[in-house]
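Subject: Structure handover

Hello,

Here is the structure I said I would pass on. My notes follow below it.

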Amino acid sequence: MSDRASATLSDSAVRGSGRTPNRSLNFNLFAAVLLVAGVSCAVLVGGWLPDHPVDTRLFWTGPLLVIGFLLAEQLAINVDVRSGVAWTISFTEIPLVLGLLVAPFEVVLAAHVVAGVGTLLGRRVLNRVAYNAGLMFMEISVAFAVAHGVKQALGEDGPFWAGPFLGTIAVPLLASVLGLTALRIMGKGMRVTASLRLVGQTLIVALLNTSAGLVAYEIASTTQWGGLLIALVFAGITAIYVAYSSLLREQRDLEALSEVSLRVARSGQNATGPRNTPGQDEDGNEDDEWQLIAERIREQLNANRVVLRLRTDPQEPMRTLVAGEPLPGRPVVDSRVVREDPMLQLPGTHVRYFRVVDSNEDVTEALARRDAQEALVVPLRGATQLLGAVEAHDRLSRWRGFGKADIQLLRTLASHLATAVDNRRLLARLRHDAYHDPLTGLLNRAGFREAAAEPLRQHTKPVVLRIDLDVLSTVSDALGQAWGNRMVVAAGRRLRDELGPEVALARLEGGMFAALLVDRMADRAQEIAERLRSALSVPYPVDRLTVEASAVVGYVSTDESEDDPDVDVLLQRADVAVRATSEAEPVRSYVPSMGQIFLRRFQLVTQFRQALETGQISVHYQPKVALPSRQVVGAEALVRWKHPEFGRVDPDEFVPAVEATGLVDVLTDFVMDKALERVRGWMDRGLRMSIAVNLSVRTLADEEFPDRVATALQHHNVPPQLLTFELTESGVMADPERALPVLRRLHALGVVLAVDDFGTGYSSLAYLRQLPVDEVKIDKSFVLGMGTDLGDMAVVRSIVELGHSLGLTVVAEGVEDDAARDQLVSMGCDIAQGYLISRPLSEERFEAWLGARTVQVRGARDETVLTLVH
């Protein structure tokens, strides 16, 4: 029959392969020519063959041949080779060779055409009737022409079966050649080697079937009960064919399942890395992988088209990928339209089989929109939600549509695919969380390291930026962590808007961000850094408030000598540049000298404890003198460090570093212990002088500090009135809610509290009245300027009057000449401190200074006091 040849054509193949109107037209023209040629051959062969005598047996031979052709076709085993091409194991040669032996040309032709066309019409395969009818006429004509020609050539001496044998063998060869020609016309041509191999396989099957038919005829005509024996033999052969086909199908199904699962796993690994990598087109690569998966499913099902609908990300719309014949019109992406499609109402997990011939009106319209006669649809359902669906349209090759094996395969494929996609989504979420900041959605430090590694190797002189948002901790403490987080999110959006989606951008921690600039953006690093700082410095609306903010930016360009730049090293250098920024210069580029400065600071911090233990750190004292009596009332304890490598290290260099690393408590306790030891020594000599110790902002936040002070006073047996703690105005006002409880406890102990550098901060009189302080120290910048600036003199006078009005002792530091001292005396200032009196001195030199510059006199309370001599 027409479709039993190795190169078979189906209704869907004709439509599916007609990718252009020209190819479809060419096939229709070829089918028409074949039909005309077949009918012509039948007429010519019928006139050439001798007349067959009329026999009553012909009345039942014809129907039997029709039944034989139908059974042979129904028992055919179709092994798909490729889309639209199959290797068919068919028994059609058996009724054909029997017909050549026992029936005339007209009967066999009629039986063949009736069985073939009837089957096509019964299965509503109408648009290839012309091709198949022409092929049927041609096959029977060629078979009888070859058989009759061989018989004439061999004469009566040759075997009776030679003509029917060769005539039958000619039919599959003819069908294969015509089928391959049709495929070539439709643009589905095969390579020559593949075509020859397919024809050879067809010839082998034809030889076996023809031989079996001849043997069956011989046995049935010469042996009693031979027909029963033949029936048993053919039943066994058919069973073997069916088993072989089933095993082959199972093997190919398992291969398809494995390949689809591996492709999904690979797509998950390739598509779940850190985003924001310049030059990456992850969505395009992922779509290519899914396209290959859809194509593999189509090949395995031998379908005209496979539509894969996926939503791998819940935040993104459903994607539609098509393998095979394109969908008519544009693919539907509107989720509402997809949900309302009657073929996509997908409760459960089973496969739906829709056909035009037995579907309701809504499904028929849905199939018409897809230009399909039949469709298998199965949902992809994950553990918690619907992931998408797979549609297979119109099975190719042979007459029959999708069968039970196809439905079972698609169900298993969908199950594997859904599990793989669900696992891929879980892996993607885990990898996303590992590489992204959960608050802003930007890369985190690990994600930035991963995203920047390849661009750093590929591009020349890329630039790494570090952007720090200021006042974040203040906002969090004042308004709560939620508002601080909102500022971070808003800052991230501003940075993304300025840099664009292609730049790798990360939130490292807190209000710290990092970005990677390459190509032309790297050449404009300074300009971009200024722009980012300006964008982050725009006030942030917080509820009904407007929060002022500022930012600093540091950036570093890779050194040309670095063959393999390290992301962490560049981030560290950019961090150094950020630390080097100032109010006057909020954007800084890294230079190697900065690294030396911070390396030295690192060394100082790491060696600090050892320096305390080995005596490198000592306490110096600067005397304080009462005005106008010139009585030495005490001293300020000042820490000094004599480093074995760096020499004398200025306190302004190492004290901030010690504070930043949390070692300030150790330093404060060391200075306090030395100061109380000195006071105890003076008390033993009958001198009552106090010592002032500076407190850090971090110490004011330490709730255990007052307990340590009480313990130290008791240990040295020193009255608390002889210990003064100096704290900066700005330090207290930075966090008064945390500092006030500690200050009140210290004041309750009886120690003296003094506000240092008064006048330079931003405190108000109301805050000053709340603080439990006993002294204010006028900042030396005002004292030094009194002689040349009337404004500074007015400030000093105001502070003296304000302090006295609040009952506070007023101390002026930075007194360096007699004129300044005399002015302070006239203003009523209580105590003076400065180079006019003495520089800070070591313990031994301070004792020597006391002996040389002061005289002992008896005080009003009969105690010994030291008075400064001229």
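Which strands does helix H13 lie across? Helix H13 (residues 404-435) lies across strand S3 (303-310), S5, S6 and strand S7 (386-395), and H13 runs at about 30° to S6. Contact here means heavy atoms within 4.5 Å. Axes are lines fitted to C-alpha atoms, for helices over the stretch in contact, and angles run from 0 to 180 degrees between N-to-C directions. Helices (H or I, at least four residues) and strands (E, at least two) are DSSP runs, numbered from the N terminus.

Before the rest, some background. This is a predicted model, in which local features need pLDDT of at least 70 and side-chain atom pairs count only at pLDDT 80 or more, while totals for chains, interfaces and linings use all residues. Residues are numbered from 1 along each chain as its sequence is written, and side-chain values use heavy atoms, with hydrogens and water left out.

The whole protein

The protein has 32 helices and 25 strands. Of its 870 residues, 49% count as buried; buried means under 20% relative accessible area, exposed over 50%, and partly exposed in between (1.4 Å probe, protein chains only). Among contacts with a separation of 6 or more, 69% are between residues 24 or more positions apart. The accessible surface is about 41,400 Å², and carbon and sulfur atoms hold 54% of that (Shrake-Rupley method with a 1.4 Å probe; for residues, only the protein chains shown count as cover).

Five strands form an open sheet in the order S4-S3-S7-S6-S5, with antiparallel pairing. Two strands pair if DSSP finds at least two bridges between them. Strand S4 (319-324) and strand S5 (352-355) stand at the edges with a single partner strand each, so one side of each has no neighbour in the sheet. From one strand to the next, the twist averages 15°. S5 is joined to strand S6 (residues 374-381) by 4 bridges, and the two run antiparallel. Arginine 352 has valine 377 in S6 as its bridge partner.

H13 also contains aspartate 406. Is aspartate 406 buried or exposed? Aspartate 406 is buried, because its relative accessible area is 3%. Its side chain makes a polar contact of 3.1 Å with the side chain of arginine 395. A polar contact is a pair of N or O atoms within 3.5 Å; within protein, one must be able to donate a hydrogen and the other to accept it, and residues adjacent in sequence count only if both atoms are side-chain atoms.

A second sheet

Another open sheet of 5 strands has the order S9-S10-S8-S13-S14, and its pairing is mixed. Strand S9 (504-509) and strand S14 (587-589) are at the edges, each with a single partner strand, so one side of each is without a neighbour in the sheet. The twist here averages 20° from one strand to the next. Strand S8 (residues 463-469) pairs with strand S13 (residues 551-557) in the antiparallel sense over 7 bridges; valine 464 has valine 556 in S13 as its bridge partner. Helix H19 (residues 567-579) lies across S8, S9, strand S10 (512-517), S13 and S14, at about 135° to S13.

Helix H22

In helix H22 (residues 651-660), the buried residues are Pro651, Phe654, Ala657 and Val658. They are on the same side of H22 because they cover an arc of only 150° around the axis, taken from the directions from the helix axis to the C-beta atoms. Asp652 and Ala660 are exposed on the other side of H22.

Regards
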